[in-house]
Amino acid sequence: MLPRIADSLSFLYLDKVRIVQDDTGVCAQIQTDENRTDTVYIPTAALTCLLLGPGVSITTRALSTLARHGTSVVCTGAGGVRTYAGILPDSLTTHWLEQQVTAWSDPHQRLATATRMYEMRFGDDTVPDGTTLAQLRGMEGQRMKALYKLLAQQHGIGRFRRNYHPDQWHQQDPVNLALSAANTCLYGIIHAALLALGCSPALGFVHTGKQHAFVYDIADLYKAETTLPVAFSLHQSTNPEKEARRKFREELRLIRLLPRVIRDIQSLLTPGAVTDDDRPERHDVQLVHLWDPKAGVLPAGVNYAPDGG
């Protein structure tokens with residue numbers, strides 16, 4: 001049986017290597033000089049996401065192995081800052097996708113799920129009963145403004161305003177550059193977790209209209225404690241993008257984010273559901289069932305013809 005997603009490594013970034021499948025496993029071949037090539041084996045069965053940066057070539061045999069092990073493969077820019085394309089793993093169960101579609105397609109359940117997302121951001125703060133979604137959006141806006149102000153004061157920065165203008169990328173201040181770079185790393189981790197669970201990244205509950213709407217929904221749960229502190233700590237950096245990616249990766253090892261992501265997604269889609277500690281997301285046997293409008297799920301591989309038919 002493959003490792004559970006929550007126990008897997010989060011992601012591995014590679015650039016300027018050739019990835020091949022040999023008799024032992026998937027490995028990265030690194031050309032160190034004209035006459036020497038180093039080989040590093042990739043733990044495919046324990047890896048959630050493989051980020052392929054510039055200068056990477058990969059064989060179809062290696063891609064097939066990664067897909068069988070449920071590893072997302074994402075083509076990115078330098079350092080994983082941009083995401084260009086991704087290969088979805090062959091999910092072994094549609095359980096969580098079905099839960100997501102059920103909650104997303106029903107307006108009442110969708111509203112309830114979006115409300116739970118906002119409530120999770122407030123942590124232990126009390127959200128009054130009957131608070132509307134519009135009121136929650138306003139409360140979240142005030143919370144983020146207060147957080148920006150607090151972090152700016154802690155680091156001796158004047159008034160901070162979040163700006164994201166891709167067409168004016170290099171004209172932004174170091175904090176905004178670092179925050180954009182760190183957020184992109186966070187999106188990659190969330191995206192890989194959703195794909196490994198079998199969820200659709202496009203079916204968001206708060207965000208909508210984008211292929212990564214659900215990615216943005218889940219990532220917003222963790223920005224206040226992950227990417228924001230990193231970005232503000234780099235307000236004097238001369239290379240905030242590179243340092244943000246490096247510092248984010250270092251602190252990610254300490255907070256063990258991936259297990260939390262899995263548990264939170266499951267609890268959001270099915271309140272009171274069994275957590276990942278009790279239910280594995282990957283199975284060594286792929287089961288196929290039949291759907292029935294009255295019975296729900298019926299076993300496959302059974303002849304349902306009436307007797308004597």
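**Helix packing**

Helix 2 (residues 95-105) and helix 3 cross at roughly 105°, and their axes come within 5 Å. Axes are lines fitted to C-alpha atoms, for helices over the stretch in contact, and angles run from 0 to 180 degrees between N-to-C directions. Helix 2 and helix 3 are therefore roughly perpendicular to each other (angles of 65 to 115 degrees count as roughly perpendicular, under 35 as roughly parallel, over 145 as roughly antiparallel and the rest as oblique). Helix 2 contributes Thr102, Ala103, Trp104 and Ser105 to the contact, and helix 3 contributes Pro107, Gln109, Arg110 and Thr113. Contact means heavy atoms within 4.5 Å. By class, the contact of helix 2 with helix 3 has three nonpolar, four polar and one charged residues. Ala, Val, Leu, Ile, Met, Phe, Trp, Tyr, Cys and Pro count as nonpolar, Asp, Glu, Lys and Arg as charged, and the others, Gly among them, as polar.

The model is predicted: local features need pLDDT of at least 70, side-chain atom pairs count only at pLDDT 80 or more, and totals for chains, interfaces and linings use all residues. Residues are numbered from 1 along each chain as its sequence is written, and side-chain values use heavy atoms, with hydrogens and water left out.

Helix 3 also packs against helix 4. Helix 3 (residues 107-122) and helix 4 (residues 133-154) make an angle of about 25°, with axes 10 Å apart. Helix 3 and helix 4 are therefore roughly parallel to each other. From helix 3, the contact uses Leu111, Ala114, Thr115, Tyr118, Arg121 and Phe122; from helix 4, it uses Leu133, Leu136, Arg137, Met139, Glu140 and Arg143. These residues divide into seven nonpolar, one polar and four charged.

**Strand pairing**

Helices (H or I, at least four residues) and strands (E, at least two) are DSSP runs, numbered from the N terminus. Two strands pair if DSSP finds at least two bridges between them.

Four strands form an open sheet in the order 4-3-2-6, with mixed pairing. Strand 4 (36-41) and strand 6 (57-58) stand at the edges with a single partner strand each, so one side of each is left without a neighbour in the sheet. Helix 1 (residues 60-68) packs on the sheet and touches strand 2 (18-21), strand 3 and strand 6. The direction of helix 1 makes about 75° with that of strand 2.

| Strand pair | Bridges |
|---|---|
| Strand 3 (residues 26-33) and strand 4 | six bridges |
| Strand 2 and strand 3 | four bridges |
| Strand 9 (residues 289-292) and strand 10 (residues 296-299) | four bridges |

Hairpins come next. Strand 2 and strand 3 form a hairpin with four residues between them. Two residues link strand 3 to strand 4 in a hairpin. Strand 9 and strand 10 form a hairpin with three residues between them.

Arginine 18 has glutamine 29 in strand 3 as its bridge partner. Cysteine 27 has tyrosine 41 in strand 4 as its bridge partner, and alanine 28 stands opposite valine 40 in strand 4. Histidine 289 has proline 299 in strand 10 as its bridge partner.

**Confidence**

The chain averages a pLDDT of 81, and 83% of the residues score at least 70. pLDDT is the predictor's confidence in each residue, from 0 to 100. Over residues 275-286 the pLDDT is below 50. Beyond near neighbours in sequence, this stretch has 35 contacts in the model.
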